[in-house]
Amino acid sequence: MLQGRQKVVRDAILCVVIAVAAILMFWSSFALPPPALEPIGPAAFPRWVAILLLGLALIILGSHFLPGKKINSNSEGIDQDSGFIPRYDLLIWLFGLTLLYFLAMQYEVLGFRWATIVYAFALTLVLFDWAVRALVPAALSAIVLGYGVHWIFTRFLFVDLP
Amino acid sequence: MDHLLQAFAQLFTPLPFLFMLLGVSIGIVVGAIPGLSGGMVIALTLPLTYFMKSTDALILLVSMYVGSTSGGLISATLMHMPGTPAAMMTVLDGFPMAKKGQPGRALGLGIFASFIGGIISWLLLALLSPPLAEVAVRFGPYEIFSMTLVALVLIAAISQGSLFRGLLSGFIGVAVSMVGVDRASGAVRLTFGFEDLDTGFRLLPVVLGMLVMSQVLSDVINIGQKIERVETTVRNMFMSAKDFGRHWVNLFRSALIGTWIGILPGIGGTTAAIASYTTARNFARNPDEFGNGSESGIVAAETANNAAVNGALVPLITLGIPGSVIDVLLLGALIIHNLTPGPLLFTNSPEIVYAIIAGALVANVAMFLIMLVATPWIARLMYVPRGYLIPPIIVFCVLGAFAQGNRLFDIWVMLGFGVLGFLMSRARIPVGPFIIGYILAPISEVQLRSGLMLYDGSFLPLITRPVSLAFLVLAALTLFWPFIGQRRR
């Protein structure tokens, strides 16, 4: 469970990010044309939403410092008391492999079919902690996924894939 | 009535019937597997429905909705883990009953309760929708604007976490929806010079990213979590007449609660199950049994969450307002098929509306039969290692994001929103209000500005028109009631 101070830091970061986004939204609304057919025009909603976002972020942060009952969520974070260790390493692997997958298609290094086969194979192995027993099922599932999905979308649904 | 009979007749032709069976079956399986949800499978199926007839597409999606809501019962009972959020209350009594050696009984009660909840709520759906649509046609732009405001506030209030985090999520969704061309004036907003954003963020990449990809990122972190489980048996699965006699009040009350909560815009099966379970406990002779394998607990939760499915269809097909996050996806399906959601859907496309209504009933019956027969086999699928499921899910997300516009940019958008959804969930900001805000904001803004044009720039009709005022009062009460309640205590 997150400690009190960690929650404050987390919400402070959230507040800063939302504030920056809100300020950018508000600032960009000045470039929009003035109202024509009705009194509020295209700039009104971005401005109102920017103000609301900033206000809500400040309320969430401020709730940590108010006396009395905290306006906060009921549950916080993953329960780490069960002895379970979250696999953030797998998250990094998944994100990295997914980036490579997208970049391979974006820069036409590999077409969809082969990019998918390589990606699915690698990701399955990673998720099984590189277990040898997962090699064959990973390869089979990757090939079926790559060829099967490619065939369905190009021959059956007539969608051009990268 | 004629339209409804025609819809049933069409549903019982080979292709629509096949789609219905497929939808229910896939929905049940996905609902049963923890980490997957009805929202995910419907979001992943949406791009495939491009290539289908509109009625077939909606029958398929509604059937998945029904199936997935019920499928969550299986893992809730056998694995102490709700397969879908709507089954979270079923865990409290389903698993303890299964651990006492009665998994079949727990499953049977849940299946029958789901079926009866679905039937009662369907009757209300069929009876209420046509007159409500007739009233809704008379709604003006200010009424629709106020209604969308209520939907946003309600889902923010009811979603997990604090009200303010829910509202923050909703308004982030509103902000995202404003990127691109403003419908009313044609001005390009919030693109910061990126031409690819001139058309805004498309529906499918956003929905797939927020609902599916973000869930996958969270699931990967928890992939090693040990799951306690109970073996399935089918003994004592059938409810007897005596069981009906013992539970009929609970069944009926829970169905009404579920339907009513489903009708309220923005709320869904989870809240319905909580409300119904709590009510059943308050009325029970032995409330201490709840949480320890109480039959009434299972009946209350499962009846209500299934009743909420049909309840949520009422505002969707009559007002064009989603009754839950999954209904947002159904709304997306209507938009993808060039149908305009709203009160005029009944008038302009009655075949679509009645296909949804007919599909909801037949899917409920199919769900009941499939679950009675196939639960032991479906239960085995729950134990498929996540490592085999995650790569295909991501690949289908890529395909879904790409297929809508044939742009690689959209798959980056999908990944970006996946990361955003993941970070939001880590910051305890619920994702549901984001989706509602993203979908409803364009409708809301267009209606408000149309109203201002209609009434010469006056905001006054917002409060002088009674229906609009009623919605605004409801939104205000929902926003401020928690604080009033706190002060009183």
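Trainee: Buried area is the accessible area (1.4 Å probe) that two parts lose on being put together, summed over both. With that in mind, what is the area buried between chain B and chain A?

Mentor: In this predicted model, the area buried between chain B and chain A comes to about 5800 Å², and carbon and sulfur atoms give 81% of that area.

Trainee: And how many residues of chain B are in contact with chain A?

Mentor: On the chain B side there are 63 residues, and they are in contact with 66 residues of chain A.

Trainee: How many residue pairs are in polar contact between chain B and chain A?

Mentor: Six residue pairs are in polar contact between the two chains, counting pairs with both residues at pLDDT 80 or more. The side of chain B that touches chain A receives two or more residues from each of several elements, including helix H8 (163-177), helix H9 (203-221), helix H16 (386-405) and helix H18 (432-454) of chain B, as well as strand E2 (188-189) of chain B. H16(B) gives the most to that side, with 11 residues. Sorted by class, the side of chain B that touches chain A holds 46 nonpolar, 10 polar and seven charged residues.

Trainee: OK, what about salt bridges, how many are there between chain B and chain A?

Mentor: Between chain B and chain A the count is two salt bridges, and one of them pairs the side chains of A:Glu38 and B:Arg449, at 3.0 Å from N to O. Over all chains, the count comes to 17 salt bridges.

Trainee: Which residue forms a salt bridge with B:Asp182?

Mentor: That is B:Arg449, with the closest N and O atoms 3.0 Å apart. B:Asp182 lies in the loop between strand E1 (180-181) and E2 of chain B, whereas B:Arg449 is in helix H18 of chain B, so this pair ties together parts that are 267 residues apart in sequence. Both B:Asp182 and B:Arg449 are buried.

Trainee: Which residue does B:Arg386 meet in a salt bridge?

Mentor: The side chain of B:Arg386 meets that of B:Asp219, at 4.0 Å from N to O. This pair also links distant parts of the chain, since B:Arg386 sits in helix H16 of chain B and B:Asp219 in helix H9 of chain B, 167 residues apart. B:Arg386 and B:Asp219 are both buried. As for networks, salt bridges that share partners join A:Glu38, B:Asp182, B:Arg189, B:Glu445 and B:Arg449 into one.

Trainee: Switching to chain A, is A:Thr116 buried or exposed?

Mentor: A:Thr116 has 0% relative accessibility, and it counts as buried because the cut-off is under 20%. This residue lies in helix H4 (residues 112-127) of chain A, and its side chain makes a polar contact of 2.8 Å with the side chain of A:Tyr101. Leaving aside neighbours within four places in sequence, A:Thr116 is in contact with A:Tyr101, A:Leu145, A:Gly146 and B:Val395.

Trainee: Then A:Asp89, which residue does it form a salt bridge with?

Mentor: A:Asp89 forms a salt bridge with A:Arg87, the closest N and O atoms being 2.8 Å apart. A:Asp89 is partly exposed, with a relative accessible area of 37%.

Trainee: Back on chain B, how many residues of H8(B) are buried?

Mentor: The count is 15 of its 15 residues, and H8(B) reaches 21 Å from its first C-alpha to its last, close to the 21 Å expected at 1.5 Å a residue. B:Ser177 is found in this helix and counts as buried at 17% relative accessibility. Apart from neighbours within four places in sequence, B:Ser177 is in contact with B:Gly437, B:Tyr438, B:Ala441 and B:Pro442.

Trainee: And where is B:Thr191?

Mentor: B:Thr191 is in the loop between E2 and H9 of chain B, where it is buried with a relative accessible area of 9%. Not counting residues up to four places away in sequence, B:Thr191 touches B:Val179, B:Gly180, B:Leu197 and B:Asp198.

Trainee: Last one, how many residues has helix H4 of chain B?

Mentor: Helix H4 (residues 54-78) of chain B has 25 residues and reaches 37 Å from its first C-alpha to its last, which is close to the 36 Å expected at 1.5 Å a residue. H4(B) is mostly covered, with 24 of its 25 residues buried, and just after this helix B:His80 takes a positive phi of about 60°.

Notes: Residues are numbered from 1 along each chain as its sequence is written. Chains are lettered from A and ligands numbered from 1 in the order in which they are written. This is a predicted model: local features need pLDDT of at least 70, side-chain atom pairs count only at pLDDT 80 or more; totals for chains, interfaces and linings use all residues. Side-chain values use heavy atoms; hydrogens and water are left out. Helices (H or I, at least four residues) and strands (E, at least two) are DSSP runs, numbered from the N terminus. Buried means under 20% relative accessible area, exposed over 50%, partly exposed in between (1.4 Å probe, protein chains only). A polar contact is a pair of N or O atoms within 3.5 Å; within protein, one must be able to donate a hydrogen and the other to accept it, and residues adjacent in sequence count only if both atoms are side-chain atoms. Contact means heavy atoms within 4.5 Å. Ala, Val, Leu, Ile, Met, Phe, Trp, Tyr, Cys and Pro count as nonpolar, Asp, Glu, Lys and Arg as charged, and the others, Gly among them, as polar. The expected span of a helix is 1.5 Å times one less than its number of residues.
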